[in-house]
Amino acid sequence: MQQIDLVRHGPVQGPAGLFGHTDIALAEAEPACLHWLAEQTYQRVLSSPLQRCRTTAQLHAARLQLQAETEPLLMEMNFGRWDGMHYSEQHPDWPGLCQFWQNPLAQTPPEGESLPDFIQRVVSGFNRHSQWQSGNQLWLLHGGVIRVILGAVLQIPPDHLPWWQQLSVGYGSISRIQRPHAGAPWQLLCMAAPLPPSI
């Protein structure tokens, strides 16, 4: 059996904002919403290289006497000039950002990454690291990255906008996928759950 827990990082420092490639730190070194991880056992720990994912991954890899791995392909979307923008500020690019949220396929963030390119990058990273390996794995990732992986597992077309706009992936949530053997399709056991299921 191969199982992967796709876990979103904890809350970040400062006011809410659009943090894609911005390497913002966690609000707490050990986020309360991720305390349940201390009771889990994994044979592999993988994360985005950005510190809001990497910090927790390294903590639990050390606990399990494992080497934490990082993969740049699993970084959050690059929002270019909008990256790091606080939602509360009156930024001159705010109208463009609002248009992007309404139809992210029709507009690319200035100096950033298009949604199709982001999806292709993340799926490539997922395919690279999800090759058959029995046991349980912990992947500390970003909300957008988890959406892409789940969409790929469920074979949801990339242009299905309600998927990207309506699925909420909260801080510390878990989406668990597994398959019984190499070549078998992935099964989704839980999606964006606030705590791990008792299975």
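The legends below describe views of one predicted protein model.

**View 1. Secondary structure of the protein.** The chain contains 5 helices and 8 strands, where helices are DSSP runs of H or I with at least four residues and strands are runs of E with at least two, numbered from the N terminus. Their order along the sequence is β-β-β-α-β-β-α-α-β-α-α-β-β.

**View 2. Overall dimensions of the C-alpha trace.** The trace spans about 50 × 35 × 25 Å along its principal axes.

View 3. Of the 199 residues, 49% are buried (under 20% relative accessible area, 1.4 Å probe, protein chains only). Among contacts (heavy atoms within 4.5 Å) with a separation of 6 or more, 68% join residues 24 or more positions apart.

**View 4. Surroundings of Gln3.** Gln3 sits in strand 1, residues 2-8. Gln3 counts as buried because its relative accessibility is 11%. Apart from neighbours within four places in sequence, Gln3 contacts Gly135, Asn136, Gln137, Arg176, Ile177, Gln178 and Leu189.

**Notes.** Residues are numbered from 1 along each chain as its sequence is written, and side-chain values use heavy atoms, with hydrogens and water left out. Local features need pLDDT of at least 70 and side-chain atom pairs count only at pLDDT 80 or more, while totals for chains, interfaces and linings use all residues.

Technical notes
Buried < 20%, exposed > 50% of the residue type's maximum accessible area, 1.4 Å probe, protein only.
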